[in-house]
Amino acid sequence: MLLKTYLEKNQYDVILSHNGESFLAEFHAHLETLSMVILDVMLPDTDGFALCKQVRQRSNVPIIMLTASSDETDRIVGLELGADDYIAKPYSPRELLARIKAILRRAAPETPSVRYHRFVGFTLDLMERTVTDSAGNPVALTGLDFQLLKYFTEHPGKILDRGLLCEETRGRDAGPLDRSLDVQISRLRLRLNDDGKQPALIKTVRGAGYVFSADVSVSSV
């Protein structure tokens with residue numbers, strides 16, 4: 001496959017699967033070493049949505065969905081199921097490579113001077129890139145969801161516009177009809193038990209963006 005060859009020329013190890021059955025076999029065999037999953041929505045024996053859901057049940061590995069160029073529904077469904085990003089077909093391999101690099105760069109481990117952000121019972125661990133609730137239970141977040149929450153907790157009480165949030169999480173601005181950030185915000189609210197109709201943590205400021213309303217304490221221990 002041309003894409004596999006292109007990515008290998010750019011120093012990536014690629015495992016190629018032509019259907020859902022072989023993909024799941026490879027996914028489970030390499031679960032601990034995968035850095036990213038790229039899923040095509042259209043497959044001969046299943047669809048990328050079903051596979052995305054199964055991947056998310058086992059792993060928070062970043063997922064990029066390849067979708068039909070004219071179908072916004074594909075993009076929204078993929079994001080709601082836990083995909084980190086999408087790219088419409090036909091696409092440029094260089095654009096996909098840029099998306100891969102951006103997501104992996106944001107998912108890379110950090111060695112911050114401040115390790116923990118704490119708010120209303122939740123603890124964000126910047127070094128381990130994990131979130132736990134007040135009982136110490138892990139909160140399942142994708143890499144981009146973690147990045148978005150991290151940015152919110154770094155700027156509590158400030159109105160953050162959509163373009164800034166998209167740039168921070170995806171490395172690019174969002175178009176006027178791009179709903180990916182809205183889906184990601186809804187997904188993050190759900191994970192934090194924040195009422196979507198009357199949110200207390202991540203509030204919508206109509207015409208301006210979003211604001212993180214909780215008090216945040218930071219510490220290195």
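**From a loop to the domain contact**

Modeller: Gln11 is found in the loop between α1 (2-9) and α2 (20-29); helices (H or I, at least four residues) and strands (E, at least two) are DSSP runs, numbered from the N terminus. The model is predicted, so local features need pLDDT of at least 70 and side-chain atom pairs count only at pLDDT 80 or more, while totals for chains, interfaces and linings use all residues. Residues are numbered from 1 along each chain as its sequence is written, and side-chain values use heavy atoms, with hydrogens and water left out.

Gln11 has a phi near 75°, a positive value in a residue other than glycine. Most residues other than glycine have a negative phi, and most peptide bonds are trans. A cis peptide bond joins Lys89 and Pro90, with omega at about -5°. Pro90 lies in the loop between β3 and α5.

A salt bridge, here a side-chain nitrogen of Lys or Arg within 4 Å of a carboxyl oxygen of Asp or Glu, connects Asp85 to Arg99, and the closest N and O atoms are 3.5 Å apart. The pair links distant parts of the chain, with Asp85 in strand β3 and Arg99 in helix α5, 14 residues apart. By this rule the count comes to 10 salt bridges.

The chain is divided into domain 1 (1-107) and domain 2 (116-219), with bounds from an automatic or database domain assignment. The C-alpha centres of the two domains lie 23 Å apart. Contact, meaning heavy atoms within 4.5 Å, takes 16 residues from domain 1 and 18 residues from domain 2. Domain 1 and domain 2 bury about 1,400 Å² between them, 46% of it on carbon and sulfur atoms; buried area is the accessible area (1.4 Å probe) that two parts lose on being put together, summed over both.

Between domain 1 and domain 2 the count of salt bridges is 0.

On the side of domain 1 that touches domain 2, the elements that give two or more residues are α4 (72-80), β3 (85-89) and α5 (93-107). Of these, α5 gives the most to that side, with 5 residues. By class, this side of domain 1 has 7 nonpolar, 2 polar and 7 charged residues. Ala, Val, Leu, Ile, Met, Phe, Trp, Tyr, Cys and Pro count as nonpolar, Asp, Glu, Lys and Arg as charged, and the others, Gly among them, as polar.

Strand β4 (residues 116-119) runs antiparallel to strand β5 (residues 122-125), joined by 4 bridges; two strands pair if DSSP finds at least two bridges between them. Their hairpin has 2 residues between the strands, and Val120 in the turn has a positive phi of about 35°. Strand β8 (residues 202-205) and strand β9 (residues 209-212) are likewise antiparallel, over 4 bridges. Their hairpin has 3 residues between the strands, and Gly207 takes a positive phi near 80°.
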